[in-house]
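Please keep the sequence and the structure in view while reading.

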Amino acid sequence: MIDTKDIRVIAFDADDTLWDNQSYYDKAEEIFLETLSRFGKTEELAERLFETESRNMPVLGYGAKAVCISMMETALAVSDNTVSPCEMSKIVSTVKSLLSIPTTPLEGVTETLSAIKDSHRWRMILLTKGDMLDQQNKIRRSGLEEFFDKVVIVSSKGEAEYLNLCREENCNPGNLLMVGNSFRSDIQPAVAVGCKAAYIPFHTIWRHEKAEEFEHPDIVRLGTFSDLLKILL
Ligand SMILES: [Mg+2]
């Protein structure tokens with residue numbers, strides 16, 4: 001169990017930590033694959049999309065707009081530019097619907113954030129990566145904004161972003177606890193710079209976020225978001 005007595009700042013991931021995001025993206029990908037089924041086998045089409053996304057990620061970043069461009073590019077490539085306007089329209093409207101997903105807080109999230117806030121012992125930061133406007137809208141729709149002292153939206157979450165956050169918060173890495181569902185983005189880079197991390201896996205994860213997991217004295221793995229209270233209070 002990690003030692004939480006030095007924690008002054010708690011940073012929370014948003015997607016798939018505070019609300020469900022990935023299952024909507026999984027569903028959109030399913031519809032994409034069905035729509036293009038006449039151009040290839042599901043696994044092959046999925047692989048082509050994964051390759052396109054991987055190639056585009058350094059310039060397009062994360063989120064629905066990036067996925068949309070990658071899907072359209074993949075559709076044109078696998079169909080040798082013969083994909084129909086109707087099929088393309090279906091893909092675009094499916095991905096566009098991701099910009100209005102409900103972002104209803106997951107079970108226990110509101111109560112847990114409320115209890116942490118009421119204790120007045122920690123600064124609470126929301127640290128999320130993705131498209132600025134989409135992330136802002138999701139946070140607003142969730143109704144959770146009031147719990148956070150600050151919202152930070154970044155293009156990617158690596159060691160530099162965690163060090164930056166510590167600098168901005170005027171704390172040592174050992175004073176910051178990162179809470180999130182992605183071992184690759186929320187846990188690994190945070191502990192690499194000396195932060196502590198609470199890993200709360202979600203039932204589904206984006207293939208690009210998959211990572212080799214390891215045990216570490218600064219990492220605690222929790223079953224549910226509410227378990228945070230057991231290590232903090
Ligand atoms: Mg996440």
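The points below describe the domains, the sheet, the cores and a few individual residues.

The model is a predicted one. The domain assignment divides the protein into domain 1 (9–19 + 102–232) and domain 2 (22–100). An open sheet of 6 strands is present, and the largest nonpolar core has 34 residues.

**Domains**

- Domain 1 is made of two stretches of the chain, 9–19 and 102–232, whereas domain 2 covers 22–100.
- The centres of the two domains, taken over C-alpha atoms, are separated by 28 Å.
- Where domain 1 and domain 2 meet, 12 residues of domain 1 are in contact with 12 residues of domain 2.
- On the side of domain 1 that touches domain 2, 3 residues are nonpolar, 4 are polar and 5 are charged.

- The strands of the open sheet follow the order 3-2-1-4-5-6, and their pairing is parallel.
- Strand 3 (150–154) and strand 6 (219–221) are at the edges; each has a single partner strand, so one side of each has no neighbour in the sheet.
- From one strand to the next, the twist averages 20°.
- Helix 8 packs on this sheet and touches strand 2, strand 4, strand 5 and strand 6. The direction of helix 8 makes about 155° with that of strand 5.

**Strand 1 and its partners**

- Strand 1 is covered on both faces: V9 and A11 lie on one side, I10 and F12 lie on the other, and all are buried.
- Strand 1 is joined to strand 2 by 4 bridges, and the two run parallel. In this pair, F12 stands opposite L126 of strand 2.
- Strand 1 is also joined to strand 4 by 4 bridges, again in parallel. Here the bridge partner of V9 is L176 in strand 4.

**Strand 5 and its partners**

- K196 and A198 point one way from strand 5, while A197 and Y199 point the other way; all are buried.
- Strand 4 and strand 5 pair in the parallel sense over 4 bridges, and M178 has A197 of strand 5 as its bridge partner.
- Strand 5 and strand 6 run parallel and are joined by 3 bridges. A197 stands opposite I219 in strand 6.

**Nonpolar cores**

- Within the largest nonpolar core, of 34 residues, those with the most contacts are A11, V179 and A197.
- Several elements give two or more residues to this core: strand 1 (9–12), helix 5 (109–118), strand 2 (123–129), helix 7 (159–168), strand 4 (176–180), helix 8 (183–192) and strand 5 (196–199).
- Leaving aside residues up to four places away in sequence, V179 touches I10, A11, F12, D13, T17, A198, I200 and L228.
- There is also a second, separate core of 15 residues, and L36, C68, V83 and V95 are included in it.

**Two residues with positive phi**

- D16 lies in the loop between strand 1 and helix 1 (22–35). Its phi is near 65°, a positive value in a residue other than glycine.
- Is D16 buried or exposed? D16 counts as buried because it has 24 C-beta neighbours inside 10 Å, and the cut-off for a buried residue is 20 or more.
- N81 is placed in the loop between helix 3 (64–78) and helix 4 (85–96). The phi of N81 is likewise near 65°, a positive value in a residue other than glycine.
- N81 is exposed because 7 other C-beta atoms lie within 10 Å, and a residue is exposed at 12 or fewer.

**P105**

- P105 is found in the loop between helix 4 and helix 5.
- With 18 other C-beta atoms within 10 Å, P105 is partly exposed.
- Which residues does P105 touch, not counting residues up to four places away in sequence? P105 touches L18, W19, T110, S142 and L144.
- P105 and G40 are 65 residues apart along the chain, and their C-alpha atoms are separated by 37 Å.

Key:
Residues are numbered from 1 along each chain as its sequence is written. This is a predicted model: local features need pLDDT of at least 70, side-chain atom pairs count only at pLDDT 80 or more; totals for chains, interfaces and linings use all residues. A nonpolar core is a set of buried Ala, Val, Leu, Ile, Met, Phe, Trp, Tyr and Cys residues joined through C-beta atoms within 7 Å. Two residues are in contact if their C-beta atoms, placed from the backbone, lie within 7 Å. Two strands pair if DSSP finds at least two bridges between them. Axes are lines fitted to C-alpha atoms, for helices over the stretch in contact, and angles run from 0 to 180 degrees between N-to-C directions. Domain bounds come from an automatic or database domain assignment. Ala, Val, Leu, Ile, Met, Phe, Trp, Tyr, Cys and Pro count as nonpolar, Asp, Glu, Lys and Arg as charged, and the others, Gly among them, as polar.
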